[in-house]
Amino acid sequence: MKIKIDKADSLFSKWIRNRDYWICKRCFTKYEEGSVGLHNSHFYSRSHENTRFDPNNCDALCFGCHRYFTSNPNEYREWKLKQLGEERFLNLQLEANLYHKKDRKFEIIKWQEALKVQKNLKLNMKRLKKK
């Protein structure tokens, strides 16, 4: 069953790719901002509502690396465990298996604001580099 991508998903996906500087976290290929070649990969699928919008659950991955990890879940697990460390990984695993009611209005507001913060940080960094 394909899960619908709504506005909250799109905002969160953009936030993740911005957080990761539009670079694939596995192969380190750099993508132009807005590129469709870089995905927001969910370690626990989007069907797990409690971790659907959890930044610890997501990474920017290129199409090839995303497909590779989908085909090699044990390797994806080891990679994610190394990335997060055991405590954060186990916490993510617990969160993924807990119930969470959908609240898309809240998620839209939350990720719109988070994107504004990212944009302001990026502008401030550019200003500091000019000095």
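Student: Is Ala60 buried or exposed?

Tutor: This is a predicted model, where local features need pLDDT of at least 70, side-chain atom pairs count only at pLDDT 80 or more, and totals for chains, interfaces and linings use all residues. Residues are numbered from 1 along each chain as its sequence is written, and side-chain values use heavy atoms, with hydrogens and water left out. Buried means under 20% relative accessible area, exposed over 50%, and partly exposed in between (1.4 Å probe, protein chains only). Ala60 has 0% relative accessibility, so Ala60 is buried.

Student: Which strand holds Ala60, and what separates the C-alpha atoms of Ala60 and Trp15?

Tutor: Helices (H or I, at least four residues) and strands (E, at least two) are DSSP runs, numbered from the N terminus. Ala60 belongs to strand E2, residues 58-62. Along the chain Ala60 and Trp15 are 45 residues apart, yet their C-alpha atoms are separated by 9.8 Å.

Student: How are H1 and H5 oriented to each other?

Tutor: Two packed helices are described by the angle between their axes and the distance between the axes. Here H1 and H5 pack at about 30 degrees with axes 8 Å apart; axes are lines fitted to C-alpha atoms, for helices over the stretch in contact, and angles run from 0 to 180 degrees between N-to-C directions. Angles under 35 degrees count as roughly parallel, over 145 as roughly antiparallel, 65 to 115 as roughly perpendicular and the rest as oblique. H1 and H5 are therefore roughly parallel.

Student: What residues lie nearest the centre of the largest pocket?

Tutor: A pocket is an open set of points on a 1 Å grid over the protein atoms alone, where a 1.4 Å probe fits, with protein on both sides within 12 Å along at least five of seven lines; lining residues have an atom within 4 Å of a point. The largest pocket holds about 530 Å³, a volume being the space filled by probe spheres set on the points, which are joined across faces, edges and corners. Of its 17 lining residues, the ones nearest the centre are Asn18, Tyr21, Glu33, Gln118 and Lys122.

Student: Which element gives the largest share of that lining?

Tutor: Helix H1 (7-19) and helix H5 (104-130) are the elements that each give two or more residues to the lining of the largest pocket. The largest share, 8 residues, comes from H5.

Student: Tyr21 came up there; is Tyr21 buried or exposed, then?

Tutor: Tyr21 sits in the loop between H1 and E1. Its phi is positive, about 60 degrees, although Tyr21 is not a glycine. With a relative accessible area of 60%, Tyr21 is exposed.

Student: What about Trp22, buried or exposed?

Tutor: Trp22 is in the loop between H1 and E1. Trp22 has a positive phi near 60 degrees. Most residues other than glycine have a negative phi. The relative accessible area of Trp22 is 5%, so Trp22 is buried.
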